[in-house]
Every structure is written in structure tokens, then in C-alpha cells.
Amino acid sequence: MENATTIDTNAAGEELQTEVSTVSAIPMEELDRLTTDIIGALKSVYDPEIPCDIYELGLIYKVDIEDDRSINIDMTLTAPGCPVAGEMPGWVENAVSSVPGVGPVNVDMVFDPPWTPDRMSDEAKVALNWY
């Protein structure tokens, strides 16, 4: 199995599933840049029914950056019956694929654990008046 580095917190500061290797083939400065740029790309994808990006909504559960620069993302939806369920993974794949230096991007839709509003960042809660 190749080494992987995982972005280990979501927008709400909750720990995501973590699989961080002790040694990465990607230099730390480059890994930091990739992480920042991937999060920026994720923040460019919005749920069309909610005026907030998917990262701040807490829909991203895991992002693995493999040594070969391939990216594996686990994400969810606010509800399994979301009308854009078939399209959203493609939007995420396209956004992250545009980050310079990343390899192939794979997006898996997961529903365990189910999404709850507790996963939203404070920024998302303010934007949606959930306080």
C-alpha cells in the first residue's frame, strides 16, 4: 500500500478519518500547498439549494493525498435524496482536478455517518442563520 496523507479536520474543526503516513514522497512544503489548494477547490463547490460551500457545510469526510498525487475523497450529502446526488461528485472531482500538481481524483459518496447540521463550520452556521 502506498503512503497517503490525509486532511484530518473538516471545516467545523472535527477530526476526519485519518491515515497519515510517517514518511511521504511529497515534500512537506508541497504537501502544505496541495492541502491548502485542495481545500480552496472544495470551497468553490456549492450545494445549489444551500448558499454555502460543501466544505463549510461539513460534507467532506476524508481527503487522502497519495504519494503518486492521486486524490481520494469521501463525501456525503445533506440528505440521501438530494436532487444533485448524481452530479455533485463530478463537480468535486472537476474542482480538485484543477489544482496544479494533483493526479487522478476519485470521489466516493458515503452516508455513514449520516450528515447532521453539527458538521457545519461556524461560518456556515452564520451564513445560514443557524445560531
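Guide: In this predicted model, a salt bridge joins the side chains of E30 and R33, with N to O at 2.8 Å. Both residues lie in helix α1 (residues 28-42), and because they are three residues apart there, about one helical turn separates them. R33 has a relative accessible area of 27% and is therefore partly exposed; E30, at 21% relative accessibility, also counts as partly exposed, given that buried means under 20%.

E30 has a further partner: it forms a salt bridge with R69, where the closest N and O atoms are 3.0 Å apart. This pair links distant parts of the chain, since E30 belongs to helix α1 whereas R69 sits in the loop between β2 (60-66) and β3, 39 residues apart. R69 is partly exposed, at 25% relative accessibility.

Another salt bridge connects the side chains of D64 and K62, at 3.7 Å from N to O. Here D64 is buried, with a relative accessible area of 4%, and K62 counts as buried at 11%. As for E30, R33, D37 and R69, salt bridges that share partners join them into one network. The whole structure contains six salt bridges.

With 17% relative accessibility, D74 counts as buried.

Definitions and conventions:
Residues numbered from 1 in each chain as written. Predicted model: local features only at pLDDT ≥ 70, side-chain atom pairs only at ≥ 80, totals over all residues. Heavy atoms only, no water. Buried < 20%, exposed > 50% of the residue type's maximum accessible area, 1.4 Å probe, protein only. Salt bridge = Lys/Arg side-chain N within 4 Å of Asp/Glu carboxyl O. Helix = DSSP H or I, 4+ residues; strand = E, 2+ residues; numbered from the N terminus.
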